[in-house]
Amino acid sequence: ALKKSLPETMLEKAGLAMPGKEGRGHYDRFRNRIIFPILDPKGSCIAFGGRVLDDTQPKYLNSPETEIYTKGRQLYGLFQARTAIRTEDAVIVVEGYMDVIGCHQAGVTNAVASLGTALTGDQARLLKRHTQNVYILYDADAAGENATLRGLEIFLEEGMQVKIVRLAEGHDPDSFILENG
């Protein structure tokens, strides 16, 4: 985008560029990261997530909220999963990008993830348009267990049928699939 001479202020507002130190232009917000495009339910790219390839912090970096992107109102992978969710009459909710990708690569194509935030009522209502049946499949750690309980409460408030899938300690959906198929 910088090479196409788009205004740096536009790129900054879209969350693609950050201002440099001491007013020295702008730089790529997602440099040295694997980029995950975030699509809305119609398939339009509205934001990005990025993961480092080394131990740099933060591990994940997401687009800031904009006029077209509010993370609590979107789900990663919903555009790709919507047909399978309707066909299976169920959705599997996981925590992260790689969990969704791992599930889809293994043929479990009705998986989606919240976007770096705790599950919201808006996200539950978005899923409710496609199915009443939810499987929560979060990481087998303390944070995953807490997120499971919060998600359970939100889905039940929406009148949805919820099941919790528990993994062995230390596993997340992606690592479980890699180890067990």
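Asp 139 touches Glu 95, Asp 99, Gly 144, Glu 145, His 171, Asp 172 and Pro 173, leaving aside neighbours within four places in sequence. The model is a predicted one. Asp 139 sits in the loop that runs between β8 (133-136) and α5 (142-157).

Ile 136 has Ile 164 of β9 as its bridge partner. Together β8, α5 and β9 form a β-α-β unit, and the unit is right-handed.

One of the contacts of Asp 139 is Asp 99. Asp 99 is among the buried residues of α3, listed with Tyr 97, Val 100, Gly 102, Cys 103 and His 104. After α3 comes Gly 107, with a positive phi near 95 degrees.

**Aromatic pairs**

The whole structure holds five aromatic pairs. Phe 30 and Phe 48 form an edge-to-face pair, because their planes stand at 65 degrees, with ring centres 6.2 Å apart. Phe 30 belongs to the loop between β2 (26-28) and β3 (33-39), and Phe 48 to strand β4 (residues 45-52), so the pair ties together parts 18 residues apart in sequence. Phe 30 counts as buried because its relative accessibility is 5%. Phe 48, at 23%, counts as partly exposed.

Phe 36 and Tyr 97 make a stacked pair, because their planes lie at 10 degrees; the ring centres are 4.8 Å apart. Phe 36 is in strand β3 and Tyr 97 in helix α3 (residues 97-105), so this pair ties together parts 61 residues apart in sequence. Both residues, Phe 36 and Tyr 97, are buried.

**Salt bridges**

The count of salt bridges is six. Three of them are set out below.

| Pair | N to O distance |
|---|---|
| Asp 122 and Arg 73 | 3.4 Å |
| Lys 128 and Glu 158 | 4.0 Å |
| Arg 166 and Glu 145 | 3.7 Å |

Asp 122 and Arg 73 meet through their side chains in a salt bridge. This pair links distant parts of the chain, 49 residues apart: Asp 122 is in helix α4 (residues 121-128), and Arg 73 is in the loop between β5 and α2. Asp 122 counts as partly exposed, because its relative accessibility is 32%.

Lys 128 and Glu 158 form another salt bridge. Here too distant parts are linked, 30 residues apart, with Lys 128 in helix α4 and Glu 158 in the loop between α5 and β9. Lys 128 is partly exposed, with a relative accessible area of 31%. Glu 158 has 17% relative accessibility, so it counts as buried; the cut-off for buried is under 20%.

Is Arg 166 buried or exposed? Arg 166 is exposed, with a relative accessible area of 68%. Glu 145 is partly exposed, at 43% relative accessibility. Glu 145 is also one of the residues in contact with Asp 139.

Which residues do shared partners join into one salt-bridge network? The members are Arg 73, Asp 122, Arg 125, Lys 128 and Glu 158.

**Lys 71**

Lys 71 is in the loop between β5 (60-62) and α2 (78-88). Arg 73 lies in the loop between β5 and α2 as well. Lys 71 counts as partly exposed because its relative accessibility is 30%. Beyond neighbours within four places in sequence, Lys 71 is in contact with Glu 65, Leu 115, Gly 116, Thr 117 and Gln 123. How far is Lys 71 from Tyr 138 in space? The C-alpha to C-alpha distance is 18 Å, and 67 residues separate Lys 71 and Tyr 138 in sequence.

Note on methods. Residues numbered from 1 in each chain as written. Predicted model: local features only at pLDDT ≥ 70, side-chain atom pairs only at ≥ 80, totals over all residues. Heavy atoms only, no water. Helix = DSSP H or I, 4+ residues; strand = E, 2+ residues; numbered from the N terminus. Contact = heavy atoms within 4.5 Å. Pairing = 2+ DSSP bridges. Right-handed = clockwise from strand over helix to strand, strands pointing away. Phe/Tyr/Trp six-rings, centres within 6.5 Å; stacked < 30°, edge-to-face > 60°. Buried < 20%, exposed > 50% of the residue type's maximum accessible area, 1.4 Å probe, protein only.
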